[in-house]
Structures are given as C-alpha cells and as structure tokens.
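Thank you all for coming.

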Amino acid sequence: MNNVRDKKRANKSLPFFFRTEFKVFFTIILVSTILLISTFSFDTVPPILNRGIQPATFPKGLLVLIIVLTSIIYYLSFKRPWKKEKNLPKPFFLTIISFVLFIIISKTLDFFLAISVLSVFVSYYWGERRIFYLLLVSIIFPLVVFIFFEMILGLRFPPGIITNLYYY
Amino acid sequence: MMAPLFSSKLLLVLLFGTLFGLVLGVLPGLGPTTGGALILPFTMTLDPLSAIILLTSIYCAGTYGGAITAVLINTPGTPAAAATCLDGYPLAQKGEAGRALGMATVSSTVGGIFSVIVLVFFAPILANLAYEFGQPEYFALAIFGLTMLASIGDGSPIKNLIAGAFGILISTVGKDFMTSIDRFTYGINELSVGIGFIPVVVGLFAISEMLTQSTLLDQVFKRVALKAVKLPTKDDYKKTWKTILRSSGIGSFIGVLPAEGGTVASLIGYSEAKRFSKNPEEFGKGSVEGIAGAEAANNAATGGAMVPTLALGIPGSATTAVILTGLIIHGVRPGPDLFKEQPEFLYGIFGAMLVANILFFIFGFFGAKIFARITLVPNKILWPMIFAVSVCGTYSLSQSIIDVWIMLFFGVLGFFMRRYGFSVVPVIIGLILGELVEGTLRQSIVIFDGNWLMFLTRPIALTFFILSLIALAFPLIRSKKNKKII
C-alpha cells in the first residue's frame, strides 16, 4: 500500500521548480499579480461622486484572496506533495493545434471552412480512417448545422470564401 | 399546476427535452449541464416558459440517464451517477442488468417526484422569507452560497474556493455597472460588455471535456448485455422502500443547499443507505439498496436545487446555474416577485418537472436498450460534431467571433483546471453570483455609510455569515481527517 502511495507521490523527488504544485502555484500567482497590477490603472471615481468603494477595490480584493489561497495550497503541498500526472498523449496536442488552426482559418478564410478543417483533423488523428465518416463530420454535419442556424434560427454567419457563396 | 402544460407545443418541448436529456445523460462526458449550455442559444427562439421547460426536462432526464451508462459500462454518464456504478455494474455483471436498471428507474422517478413536491411547498415559503431581505441580507446569502462551494465534489475545498473567486473575477470584466468604468478590458471593445456566460460554460464543460477525451482514446468500454429493463420484485421493494424515501429526503435537502447538487446528494444517499442497511456487506457487490440510495438521492436533488434557484436566484447546482441563465436571458428575474407576479409561469415549471419524471420513467423502462446503444457512437465522430454545435451555439448568442475564442480559451483552461484538481463548477457559480455579490456589497456599504460592522447588526445577514463560517469549517475539518485539503 505504501509503495503504491510512494509511486503516486513520486513528484516529491523532482527539483521544486519541476513539481506540478510549483508550476500551478507559479502560474496562478503570476497571472494574478499581473491582473492585480493592472487594476491600479483602472479609472477612479472623483471623491465627490464616489459612493461606497472604487470600481477597482472589489477585483483587487478577489485577486488578493486568490493569491493568499494559492499560497496556502502551495505551503500545504510541502507536507503532502501532489501526485504526478501522466504525460499528455499526442492526440491532446494535435487537438490543441486544431484549435489554433480553427482560429487562424476562421479569422482569415471562412468560419465554416474552419469547422470542417478542425472536424476532419480531429476525427482523423483520433483514429477515424473511414472516408464516409470523415465526410460526415467534416462536410455533411457542418452543412446541417449551418442550414439549421441560418434557416431556422435566422442567424447570419461571418463572411468568408465559402459562406459568401451562399450569401451572395 | 398542470394547466399551462395542456398545449401541444409545450408537450412537444417536454417530450424533446426528456429524450434529449436522456441522450445527454447516457453519453459519458456530456450530461445535463453541458447539454443545457449547448441548447441555451437555441432557446432564444422559444417563449420563456417553453425555454425553461426544455431546460428543466433536460435536467431531470439527464440526471437519470447517467444511471444507464453507470449500470451497463461502469462509467457514470453524469458525475451524479458515480455512486450508482458501485453496485449497478456488479449487479449487471451477474446477469441482472435489467433488474439494476429497473431499480435505478423506479428510485430515480420516486426521488424526482418527491423533490417536485418539496419544490412546490418550499419554494414559495423561501420566496416569502426573501421579502425580508435587503441588500446586506442578499450579500450574506450570496457569500453563504459561495462558501458552500468549498464542500462540493470530492476535490480540495481551498481549490474550490480559488475557482469560485476566479468565477467572480470573470464577472467583473467589462464596464462597472455602477460607474461605467472599464475593468480588465485592455482596450478590446468586445470585452466592455463583459464575458458572456455561454462561452465560459460551453468552454469549461464541452471543450475541456473534448480535450479530456483526447487523452482517453485508448480506453475501451466493456458493455454488459441488456435484454430488458425489469420492474423491481416485491422482495426488492420490501428491501428498498425505506432507502428510497430516506434518499429522496436527503437528496431534496442537499439540493436546496446553494451550490450543492446531485453528485454530493448521491454520495451521501449511498453512504446512508449502507449505514442503515441490514446487509452492508452486500454494498459494492451488486446491492439493490445501493442503487436505490444513490439514484433516489441524485434525482431528488433536481427539485431541491430548483428551490433556491427560483426563490432566491441562487443556483442550487451547476445545471440550475444554466437554468438561471436561461431565466435571465429570457427576461425572467427569479426571486420573491416572480412568485407574486407570475405564478402560472412557476406552476408550468413545477408541472413540467413532474411530467418529465414520469416521461423518463416510461422512456427509461421501454427504451434503455436503445439509449444504451448511443454509447457505441465513437468519440472520434461524436466530439467533432459536438465541437461544431458548440462553436455555432456560442457564436449565435451575440454573433461575435470573440465569444468563440473565449470559449476555446476557457476550454483549454478548464482542461488544466480539472487535470490539477480544480473543479470547474465553482467558476460557473462564481460567475453567476459575481454581480449579485459585488452589487449587494457596494450598495450595502452605501447604506451603512462605509461602516462594515453594520452587517453584524442585521440578524438574517449575521445568520448567513455564521452559516458561511460553518460551511467553510466543515469541509476543512473533513478534508483534514481525509488528508485531502489540497
């Protein structure tokens, strides 16, 4: 039993800056500090108009709370280190890449082309090789979704090389 | 109560919501919260009552649907069905999948109907009490709701509080509602209206789940064969009726507590069923009492969670946070005035929940075999489709591509939060309650002329603050005992 626990807690043997708890602590503190600094640049209400607290006070309080609570969980992790997470597999990174591709294509070319590219990319790299199913997720289903949103909900999608063929 | 439902349109909405909820509940990784968030933009084409009936029927049926997957493939379709796996799957492995599902269906229906009765009686009482509430009382109540976040799920209370504070922080993005001063907008015009609820909830639930599924592609589910769902025998009823009633009470009570929900309810319902059982040694090996205890409790939490949602505007669970958003975007403000001004609207919701419980009993009893087949849809086909619906749904609400990017950002963030033990539910509840917390705090300070100690002179507010301290202390003590504070 103890062996299993020790293996799960193998994170303890790593230098502190490689440990999960440090990485999480560092990221939260860094982001919170940047946000906290940015709250000092918020406009303030002149004292004569100010009722109650300034607009920056509440977010400042929240950020300080987050920093304090994060410091507590980091301090407690010295006594009880977090278990080491499994490395992320290749499909995870490919899915993230597909999100980036989606953003680039939707911004530069076409919203629905971006959906089709992401769908076929994800489906293929998650292991789908059958042409019909690849066509289903990349063309047939996005088309059904487009028709539904456009005709039934009356939504207008952003212009693009494919969407324009329909609109103009 | 049922009169508003006697229209073909509402019945159709109810039928669709129940079927859709069952499908969502059956599919691991989806569930009523994600499903509700996905369908929320579509409800804009409906009138407010139809929209809320659709969401509540998804909630009731989705909570039950999780049991089908829990029994047949040992994977809870929804987190609330996790305790059902413990005895549902072992019983199914013994060749009694039909009996396990029959018990789950009956106890879910009884739990659900019991909770609707609780809702009908307690929501108006709570709403009447809320007439006494001023800004300081609402602030204290919202704080109580947020401190309850510490005890949700089986995660760390401190991490839950960090996530809740982060949710409130997101609600501060945009123009300050009292002074119109920009906060965290960094010159981006789209952010001055704030970050919408839909991009955050779809990102945190649907997109982060898509990323989680990308790490589980080698997982193979072993599905137990199901011939037909069988109604419990006389012996089963004799064994379980007390458990079903007890768990229905526990589930309804847990549901009423702000921020708690079906997951907590089912775990407590299960452990109490074991504690009171004459045969506790059978638990974990296919005990029908275990199934009844968990299922009655998680479905009873649905009606319970609607009590604070409708009476106070404080969500009782993650899914009721989605329903609350549905109410708000349809221009319905929950609270005591709703009970006075639109009783027929509320009776429509109560009636719909009652009918949804009966409908999922019928669909579950006769159609569980068909719903179980949905789990055979491979993730490599299902998730790209969910992505397409998520993107279009998110875009449709304010027709802004920025919302889609925000959704993707929260999807990635949600994945890493879950990976490192931060629940995403507190973020949603924090986001929902954020405006209430800040608004009531600032207005209270104006009322008290800057004297914070005046909060302690208000008995109701003081009671909520004491309850908040208890809510904070309880999970910390429990976690310290279980060594799960971080």
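Let me begin with the contact between the chains: 51 residues of chain A are in contact with 47 residues of chain B, where two residues are in contact if their C-beta atoms, placed from the backbone, lie within 7 Å. Helix 3 of chain A gives the most to the side of chain A that touches chain B, with 12 residues; helices here (H or I, at least four residues) and strands (E, at least two) are DSSP runs, numbered from the N terminus. By class, that side of chain A has 35 nonpolar, 10 polar and six charged residues, with Ala, Val, Leu, Ile, Met, Phe, Trp, Tyr, Cys and Pro counted as nonpolar, Asp, Glu, Lys and Arg as charged, and the others, Gly among them, as polar.

Before I go on, a word on the source: this is a predicted model, in which local features need pLDDT of at least 70 and side-chain atom pairs count only at pLDDT 80 or more, while totals for chains, interfaces and linings use all residues. Residues are numbered from 1 along each chain as its sequence is written, and chains are lettered from A and ligands numbered from 1 in the order in which they are written.

Now to chain B, which has 17 helices and two strands. Its C-alpha trace spans about 65 × 55 × 45 Å along the principal axes. Of the 486 residues of chain B, 62% count as buried, a word that asks for 20 or more other C-beta atoms within 10 Å of a residue's own, whereas 12 or fewer make it exposed and anything in between partly exposed, with C-beta atoms placed from the backbone.

Most residues other than glycine have a negative phi. F184(B), however, has a positive phi of about 55° although it is not a glycine, and Y186(B) has a positive phi of about 50°, again without being a glycine. F184(B) is found in the loop between strand 2 (182-183) and helix 7 (197-214) of chain B, and Y186(B) is found in the loop between strand 2 and helix 7 of chain B. Is each of them buried or exposed? F184(B) counts as partly exposed because it has 18 C-beta neighbours inside 10 Å, while Y186(B), with 9 other C-beta atoms within 10 Å, is exposed.
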